[in-house]
Amino acid sequence: MAVPSWLASKKPSRAGMLWAKLICEGSREGFKNELKKQDEIIDSLVTNVSTDTPILVIFQRNYLKANALTRQRKAATNPKATCFWSACQEEEWKQYMSSCRNCEALWIGSSCQQQTKS
């Protein structure tokens with residue numbers, strides 16, 4: 001994972017932007033473990049990054065399920081397909097797509113320094 005190695009690096013040439021894909025889906029127990037891991041990563045970022053570095057965390061829920069259903073839908077709606085796509089499946093797909101389209105964003109650690117004129 002890129003986050004721990006980025007945090008460990010103290011080189012002045014380290015990347016100015018960090019991007020990581022953190023999966024937070026699955027069973028209830030797996031979900032709790034993923035949330036715990038994400039909390040630890042965010043805590044490390046807030047603790048180890050200077051206060052003038054903005055941190056943006058974006059959550060996109062149900063992406064994996066929406067992606068899988070979209071692939072199934074594409075295959076089932078192909079005119080050459082031997083299986084069909086039901087109205088029930090269409091409704092489920094719409095719900096997951098709606099959920100997946102709405103993201104949550106959280107800004108952390110932006111510094112509010114006043115500049116004085118001399």
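**Salt bridges, pocket and surface patch**

Trainee: Does Glu 90 count as buried or exposed?
Mentor: Glu 90 has a relative accessibility of 17%. Buried means under 20% relative accessible area, exposed over 50%, and partly exposed in between (1.4 Å probe, protein chains only). Therefore Glu 90 counts as buried.

Trainee: What kind of model is this?
Mentor: Residues are numbered from 1 along each chain as its sequence is written, and side-chain values use heavy atoms, with hydrogens and water left out. Local features need pLDDT of at least 70, side-chain atom pairs count only at pLDDT 80 or more, and totals for chains, interfaces and linings use all residues, for this is a predicted model.

Trainee: What pattern does the protein chain follow along the sequence?
Mentor: Helices (H or I, at least four residues) and strands (E, at least two) are DSSP runs, numbered from the N terminus. The protein chain has 4 helices and 2 strands. Read in sequence order, the pattern is α-α-β-α-α-β.

Trainee: Which residue forms a salt bridge with Arg 73?
Mentor: A salt bridge puts a side-chain nitrogen of Lys or Arg within 4 Å of a carboxyl oxygen of Asp or Glu. For Arg 73, the N to O value is 2.9 Å. Arg 73 is in helix H3, and its partner is in helix H4 (residues 87–101), 17 residues apart. That partner is Glu 90.

Trainee: Why does the salt bridge between Arg 61 and Glu 104 tie together separate parts, and how many residues apart are they?
Mentor: The closest N and O atoms of Arg 61 and Glu 104 are 2.8 Å apart. Arg 61 lies in the loop between S1 and H3, while Glu 104 belongs to strand S2 (residues 103–108), so the pair joins parts whose separation in sequence is 43 residues.

Trainee: How accessible is each end, Arg 61 and Glu 104?
Mentor: Both ends fall in the middle class. Arg 61 is partly exposed at 41%. Glu 104 is partly exposed too, with a relative accessible area of 37%.

Trainee: How many residues line the largest pocket?
Mentor: A pocket, on a 1 Å grid over the protein atoms alone, is an open set of points where a 1.4 Å probe fits, with protein on both sides within 12 Å along at least five of seven lines; lining residues have an atom within 4 Å of a point. The largest pocket has a volume of about 1100 Å³. Its lining divides into 24 nonpolar, 5 polar and 3 charged residues. Ala 20, Leu 22, Leu 56, Val 57 and Ile 58 lie nearest its centre, within a lining of 32 residues.

Trainee: What accessible area do Leu 56, Ile 58 and Trp 107 have together?
Mentor: Ile 58 sits in strand S1 (residues 55–60) and is exposed at 53%. Patch members have over 30% relative accessible area and no salt bridge; like charges are joined within 9 Å, nonpolar side chains (Val, Leu, Ile, Met, Phe, Trp, Tyr) within 5 Å. Areas come from the Shrake-Rupley method with a 1.4 Å probe, and for residues only the protein chains shown count as cover. The three form a nonpolar surface patch of about 350 Å².

Terms used:
Points joined across faces, edges and corners; volume = space filled by probe spheres on them. Nonpolar A, V, L, I, M, F, W, Y, C, P; charged D, E, K, R; others polar.
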